[in-house]
Amino acid sequence: MRGTVYKSTGSWYTVKTDNGEVYECRIKGKFRIKGIKSTNPVAVGDLVDFTLETKNDQETGVIENICERQNYIVRKSVKLSKQTHIIASNIDVVFLLITLNNPPTFTTFIDRFLVTAEAYRIKAVLLFNKTDMYDEDELLEIKYLAALYRKIGYECIGISAKTGKNVDKVKEIMEGKVSMFSGHSGVGKSTLINTIEPGLSLRTAEISDQHRQGQHTTTFAEMFDLSFDAKIIDTPGIKGFGVVDIDKDELAGYFPEFFELKSQCKFNNCLHINEPKCAVKEALDNEEIAWSRYKSYLQILEGEEEHYRKNNYDEE
C-alpha cells in the first residue's frame with residue numbers, strides 16, 4: 001500500500017492513503033542503519049510504501065520504502081550523534097512567520113531559512129505577523145525589512161493572525177498546494193493556522209514573560225487537510241537554523257541578488273570576499289545589496305553557528 005506521512009512522533013508514523021484510510025505505521029530497522037545522516041529517516045510529507053500486519057487484534061503498518069522526495073526542508077539536529085533533522089518533505093510553498101519582538105526574528109535566521117528554501121527549490125513567502133501590535137516606529141522597521149526582501153524577489157505580506165488581516169491573501173497562495181509554516185516559537189504559527197482553519201483548534205500559548213519568547217505548543221510536525229483544497233504542515237518552533245549540505249562554491253547561488261551579479265565578477269569562482277573586481281562587493285559598496293545579507297552570507301560561508309538573539313539587521 002502507498003500513503004503520505006501525516007504525523008511523526010519518533011517511533012510511530014500516521015500514514016494516510018489516497019482513499020482516506022489512516023494507519024499507524026512503524027519503520028523497519030534497516031532504515032536506521034542505511035547511513036542516513038538524519039535523526040528522522042521518515043519525515044512528514046513523505047510518500048511511503050507499507051504493508052499491513054495484525055498484532056493483538058490491531059492492524060498497523062510497516063513502512064518498507066520511502067519514495068524519492070521532491071524536496072525537503074532540513075536543519076542541523078540538536079542531537080550531536082546525527083547530522084541533520086528533516087523538518088518536512090514534498091512541500092510546494094513554505095511560509096516563514098516573522099515578528100519584530102516577542103520573540104524577535106533577526107535577519108541571520110531569515111537568511112539561513114531562505115538559503116535552505118532556495119537550495120531545495122521551495123517557494124518561500126515571508127509573513128510579517130502581529131502587525132496589530134506594533135507602534136509607528138516598529139511598523140517602519142517592518143516596512144524596511146519587507147522592502148529589503150521584496151527587492152530581492154521574495155513575496156512579503158504583513159498579517160495579523162489575531163485580527164485576520166491579509167489572511168485571505170495567505171489562503172489564496174495555499175490553494176491546491178502543500179504548505180509549511182515555520183518560525184521561532186511564539187511567532188503565532190498555531191494562531192494563524194487556527195484563523196485559516198478554525199476547526200483545527202491547534203493549541204496556542206502565551207509568550208513567556210521571563211524570556212519574552214514563545215512556549216513550544218507544537219512538539220512534532222503534523223500535516224492537516226484543510227477545507228479549501230489545501231494541505232498544511234505545522235512544525236515545532238525552532239530557535240536556530242543551521243544550514244547543512246551546501247557547498248561553499250554554491251552558496252552565493254542561493255542568494256538571488258548575488259547570483260544575478262556573479263557573471264560580472266572577474267573570476268568565475270569568485271567567493272565575493274577579497275577577490276579583485278568583484279561585482280557583489282562593488283554592489284555592496286554602492287548600497288545596492290543589503291549589508292545584513294552579506295553578513296549572513298559570510299557567517300554561513302565561514303561555518304559560523306547562528307547566534308540567536310545576538311545579531312540584528314542594523315548591526316554592521
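I take contact to mean heavy atoms within 4.5 Å, and I name helices (H or I, at least four residues) and strands (E, at least two) as DSSP runs numbered from the N terminus. I am reading a predicted model, in which local features need pLDDT of at least 70 and side-chain atom pairs count only at pLDDT 80 or more, while totals for chains, interfaces and linings use all residues. Residues are numbered from 1 along each chain as its sequence is written, and side-chain values use heavy atoms, with hydrogens and water left out.

**Entry 1: the chain overall**

I looked up the secondary structure and found eight helices and 13 strands. Of the 316 residues in the chain, 52% are buried, where buried means under 20% relative accessible area, exposed means over 50% and partly exposed lies in between (1.4 Å probe, protein chains only). I then took the contacts between residues at least 6 apart in sequence, and 65% of these join residues at least 24 apart.

**Entry 2: α3 against α4**

Which residues of α3 meet α4? From α3 I noted Val167, Val170, Lys171 and Met174, and from α4 their partners Leu192, Thr195 and Ile196. Sorted by class, this contact has five nonpolar residues, one polar and one charged; here Ala, Val, Leu, Ile, Met, Phe, Trp, Tyr, Cys and Pro count as nonpolar, Asp, Glu, Lys and Arg as charged, and the others, Gly among them, as polar.

For the geometry, α3 (residues 167–174) and α4 (residues 189–196) pack at an angle of about 80°, with their axes 10 Å apart. That makes α3 roughly perpendicular to α4, since angles of 65 to 115 degrees count as such, under 35 as roughly parallel, over 145 as roughly antiparallel and the rest as oblique. The axes are lines fitted to C-alpha atoms, for helices over the stretch in contact, and the angles run from 0 to 180 degrees between N-to-C directions.

I also checked how α4 is enclosed, and six of its eight residues are buried, namely Lys189, Ser190, Leu192, Ile193, Asn194 and Ile196. What covers these buried residues includes β8, β9 (123–128), α3, β11 and β13 (231–234).

**Entry 3: aromatic pairs**

I counted nine aromatic pairs in the structure, with rings of Phe, Tyr and Trp (its six-membered ring) pairing if their centres lie within 6.5 Å, and with planes under 30 degrees apart counting as stacked, over 60 as edge-to-face and the rest as tilted. The centres of the Phe95 and Phe181 rings are 5.0 Å apart and their planes stand at 65°, so this pair is edge-to-face. Phe95 belongs to strand β8 (residues 93–98) and Phe181 to strand β11 (residues 178–182), so the pair ties together parts that are 86 residues apart in sequence. Both Phe95 and Phe181 are buried.

**Entry 4: charges over rings**

I call a charge over a ring when NZ of Lys or CZ of Arg is within 6 Å of the ring centre and within 35 degrees of the ring normal. Lys171 has its charged end over the ring of Phe228, 4.9 Å from the centre, and Arg69 lies over the face of Tyr72, at 5.8 Å from the ring centre.

**Entry 5: α8**

Is α8 enclosed or open? Nine of the eleven residues of α8 are buried, so I noted this helix as largely enclosed by the rest of the structure. The buried residues include Arg293, Lys295 and Gln299, and their cover includes α1 (107–119), α2 (136–152), α5 (248–251), α6 and α7 (279–285).

**Entry 6: two asparagines**

Most residues other than glycine have a negative phi. Asn90, in the loop between β7 (84–89) and β8, has a positive phi of about 55°, and Asn90 is buried at a relative accessible area of 16%. Asn166, in the loop between β10 (155–158) and α3, has a positive phi of about 60°, but Asn166 is partly exposed at 21%.
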